[in-house]
Amino acid sequence: MVKSAGLPIVEGDGKRWLARNGRVRSFPDFWGDHRHRSFPNPSEPEITYEKFLEKANVKEPQKATARSYVEGFNAARSDRISAQAVAAADRAASEIEGKKVFRLPYGYDGVIEWMACDLPPEMLHLRSEVTQIRWNSNHVDTLYWTPSSERTFRSRRVIVTIPLGVLRAADGERGMIRFEPPLPGWKQAALRTLEMGHVRRFAFEFKDCFWTERIDGGFIIAPDEESADLVDAGSHRFEFADRLGGRIGGRKDD
Ligand SMILES: Cc1cc2nc3c(=O)[nH]c(=O)nc-3n(C[C@H](O)[C@H](O)[C@H](O)COP(=O)(O)OP(=O)(O)OC[C@H]3O[C@@H](n4cnc5c(N)ncnc54)[C@H](O)[C@@H]3O)c2cc1C
């Protein structure tokens, strides 16, 4: 898609770094050698990642590092996320060279703009918030607010792709979308069993690049820090500024 859109793309070096005791050092594998040796089989009963670390007898400080990586990267608490799910995602990523890191230096919105450019403008309803979906077997009425008025859009079908947190919002909660008739019980039950982790993304823009070594497209993990955890160190020069980005996920963001 990026190639078809003719967007410039930068491949990061994807290196891993560990920040500990005020020093940053190269850290080739976050998970250490316990990774594949003892990952639970998909057919085994599901266990949490925390339980997996316990069972695999991973010792500190590797344990804190492994936990920190999974919490920061997956934005999920290690005592909630399934070890099997982490293993499956890791295997799937390896199969498609998913560990490679790329950046779109002019922003990801270029992809969306490229996708939208062939669509008639009236097909897109931007800056609109859906509040209600009334559905029956013939058609669906989607009620939404634009910045100025409430409108309805009628269609044969609707594909709902809002985030889980919004879909699960209770009556009266901000952002809640009312379904009429309500979603079937089995669908609501499935929604209740899914979980969404927290993650906070931050970006700093500096006038000058004060760091001496470029860490482009890699990760610094800081397991001992109280707040900031996984730092996605995209410290590439962008126009006239230098930027550093990071994110906090899992229990540190709870
Ligand atoms: C900090 C961070 C970093 C990430 N980094 C990566 C990465 O490097 N690589 C990667 O592959 N993935 C990454 N992800 C994950 C990726 O961003 C998500 O998996 C992906 O964006 C999910 O797409 P989505 O369309 O399901 O949801 P979203 O992108 O969340 O889109 C949902 C849309 O629904 C809209 N919406 C919500 N409520 C309403 C409403 N009532 N009416 C109308 N519209 C509504 C929202 O405004 C939003 O535009 C990252 C996620 C985070 C948070």
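**Reading the terms in this model**

The largest nonpolar core has 18 residues, and Tyr49, Val70 and Ile221 have the most contacts inside it. This is a predicted model: local features need pLDDT of at least 70, side-chain atom pairs count only at pLDDT 80 or more, and totals for chains, interfaces and linings use all residues. Residues are numbered from 1 along each chain as its sequence is written.

Reader: What makes a set of residues a nonpolar core?

Author: The members are buried Ala, Val, Leu, Ile, Met, Phe, Trp, Tyr and Cys residues, joined through C-beta atoms within 7 Å. The largest such set here has 18 residues. Helix 3 gives the most, with four residues. Helices (H or I, at least four residues) and strands (E, at least two) are DSSP runs, numbered from the N terminus.

Reader: Why is alanine 75 called buried?

Author: A residue is buried if 20 or more other C-beta atoms lie within 10 Å of its own, exposed if 12 or fewer, and partly exposed in between; C-beta atoms are placed from the backbone. Alanine 75 has 20 within 10 Å, so alanine 75 is buried. Alanine 75 lies in the loop between helix 3 (62-74) and helix 4 (83-95). Its phi is near 55°, a positive value in a residue other than glycine.

Reader: Why does arginine 127 count as exposed?

Author: Arginine 127 has 8 C-beta neighbours inside 10 Å, so arginine 127 counts as exposed. Arginine 127 also has a positive phi, about 45°, although it is not a glycine. Its place is the loop between helix 5 (109-116) and strand 5.

Reader: How do you know that strand 5 and strand 6 pair?

Author: Two strands pair if DSSP finds at least two bridges between them. Strand 5 and strand 6 (residues 140-145) have six bridges, in the antiparallel sense, and they pair. A hairpin of four residues joins them. Arginine 134 has aspartate 141 as its bridge partner in strand 6.

Reader: What makes strand 8 a partner of strand 5?

Author: Three bridges join strand 5 to strand 8, and the two run parallel. In strand 8, the bridge partner of arginine 134 is glutamate 180. The peptide bond from glutamate 180 to proline 181 is cis, with omega near -5°. Proline 181 is found in the loop between strand 8 (178-180) and helix 7 (185-193).
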